[in-house]
Amino acid sequence: MGLGDVLFGRKKLKGSNLDKLFALSTAQLTLETEVGLKPSGVAAVVFKPLSAGEFMQAERDIDELLAVAARDSGSRVTRRSDNFGFQWLVIRDSDFEDLVTTTHLVSSELDARGFGGQLLAALFAFRGGDHPVYLIYGYKRGTFWPFVPTGEDQERDNAEELRLKSELESELPIEPDLTRWLALFDAPLD
Amino acid sequence: VRRKDVGRDAPLTVRMGAALAVIGAIYLAAFLLLLLGLVSAANKGDLGAALGYVFFLACIPAALYIHLRDGGKLALRAARARVLRRDEVPELYDLIARVAAQADMPAPAAAVIASSSANAFAVGTSRDNEVIAFTTELLDRLNPEELEAVIGHEISHLANRDGMVMTFASGPAMAGSTIWDDADRLTKVAYLLFAPLWAPVYALSVLLMWSMSRYREYVADRGSALLTGAPEQLMSALAKIGGVTPAGDLRGAGISALCIVSARPRRRLELFMDHPPLEKRLERLEEIARETGRPVH
């Protein structure tokens with residue numbers, strides 16, 4: 001942000017960076033064989049729909065988008081919403097590469113429909129050790145971070161997350177700033 | 001419409017530019033006057049006076065720097081704000097984290113102020129020590145959607161570095177009142193004799209400070225609407241707390257410009273207000289709501 005942007009308060013809503021998503025399909029083999037993360041076949045695109053006037057148009061857009069995604073990929077896509085008013089487009093596909101591709105397709109369709117700034121994160125579920133493991137992709141920053149909720153009271157297993165960070169760093173663009181590792185508790189994936 | 005252009009307000013940018021230019025000119029005039037004094041003192045070989053001018057020249061950036069560094073901390077202390085731990089209010093921290101992530105900002109900490117007037121403000125000198133303070137009344141009165149909108153407003157203030165901009169914009173006015181307050185009675189009489197010289201500049205400085213504050217409010221309101229995707233959430237929050245609230249306990253804290261609603265809520269002419277009138281803020285938000293209603297191409 002330059003001086004002019006500061007003086008005039010012009011900080012913009014940052015758009016989305018989708019480029020790095022595919023790093024996940026490349027890393028899949030390592031994830032499974034070396035890190036021990038087995039895909040659960042579920043992913044989600046989390047975004048904030050615009051309400052008010054745009055709501056009706058947006059509803060139509062998203063329904064149309066879901067139909068397109070289902071037709072093109074064979075993945076199953078459903079809509080959920082959470083307590084924060086975010087929409088979750090939950091994508092199911094037993095083939096991990098297709099899962100990533102559909103996630104990318106859904107995100108880029110949302111982006112093309114003008115929702116780029118509203119995209120918060122994509123979430124990929126894995127079966128790990130004691131707890132389910134999520135890899136979260138932050139659209140604003142174009143980076144991944146691990147998220148391991150213990151299932152108790154919004155606790156997260158920081159030690160496990162940091163271990164995963166060190167193992168994944170060579171495979172994926174991992175978010176270096178730990179304060180940006182947004183937690184997504186109570187993911188409505190079921 | 002491209003979404004980032006929503007609510008973009010060219011006339012507002014022009015007015016902000018004009019206000020900033022005049023404020024800059026006041027700084028420049030003060031700087032040149034002191035420099036002139038320094039040169040003439042040096043010419044006369046008056047070392048004492050020359051050092052005095054050097055001192056005042058150094059004072060301007062030093063005072064701005066100190067205010068910028070300590071203003072937030074002092075405001076939190078003056079308002080008796082208590083920074084909350086994450087485990088005390090996990091839902092509030094989660095909500096802040098979501099809005100901050102949407103703005104691509106690190107999540108600020110949350111603080112609470114025991115107060116019967118509903119208000120909130122944000123302070124911070126750098127991205128890692130930012131705090132949003134909420135009064136108990138605000139947390140009690142607003143539902144989660146409205147609270148999200150208030151957080152969006154405060155995070156926009158932080159993202160736009162309004163603390164810094166308002167420190168700069170209020171510099172001349174602060175200097176004026178400090179000089180006046182520090183003077184003894186005899187000096188004040190002397191100042192009054194010269195009132196025709198400085199009073200217009202002082203009045204202009206104060207009016208410009210308030211106008212900058214009002215402009216930044218519109219910008220932060222727009223930011224909140226974009227972050228939450230729902231201008232009507234902020235509208236409903238403002239409708240609840242933005243009318244005439246009971247006399248604020250935040251008045252003394254000197255950060256009214258960063259509050260969601262004015263800490264000096266008495267009705268007055270818009271020219272003398274540090275926040276735009278409620279009706280105008282609601283009007284703008286309604287306009288943003290209408291604009292986002294258009295199909296996107």
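Is B:D104 buried or exposed? B:D104 counts as buried, because its relative accessibility is 12%. Buried means under 20% relative accessible area, exposed over 50%, and partly exposed in between, with a 1.4 Å probe and protein chains only.

## Ground rules

This is a predicted model: local features need pLDDT of at least 70, side-chain atom pairs count only at pLDDT 80 or more, and totals for chains, interfaces and linings use all residues. Residues are numbered from 1 along each chain as its sequence is written, chains are lettered from A and ligands numbered from 1 in the order in which they are written, and side-chain values use heavy atoms, with hydrogens and water left out.

## Chain B overall

Chain B has 10 helices and four strands. Helices (H or I, at least four residues) and strands (E, at least two) are DSSP runs, numbered from the N terminus. From that end, the order is α-α-β-α-β-β-β-α-α-α-α-α-α-α. Of the 297 residues in chain B, 49% are buried.

## A link between chains

B:D104 sits in the loop between α3 (90–102) and β2 (109–113) of chain B. Its side chain makes a polar contact with the side chain of A:R141, at 2.9 Å. A polar contact is a pair of N or O atoms within 3.5 Å; within protein, one must be able to donate a hydrogen and the other to accept it, and residues adjacent in sequence count only if both atoms are side-chain atoms.

The axes of α3(B) and α5(B) (residues 144–159) come within 10 Å and cross at roughly 50°. Axes are lines fitted to C-alpha atoms, for helices over the stretch in contact, and angles run from 0 to 180 degrees between N-to-C directions. The two helices are therefore oblique to each other. Angles under 35 degrees count as roughly parallel, over 145 as roughly antiparallel, 65 to 115 as roughly perpendicular and the rest as oblique.

On the α3(B) side, the contact includes B:L92 and B:I96; on the α5(B) side, B:L147 and B:I151 are among the residues. Contact means heavy atoms within 4.5 Å.

## A buried leucine

B:L158 is found in helix α5 of chain B. B:L158 is buried, with a relative accessible area of 7%. Leaving out residues up to four places away in sequence, B:L158 touches B:M105, B:P108, B:A122, B:V123, B:R127, B:E130 and B:I132. B:R127 is 31 residues from B:L158 along the chain, yet their C-alpha atoms are separated by 8.4 Å.
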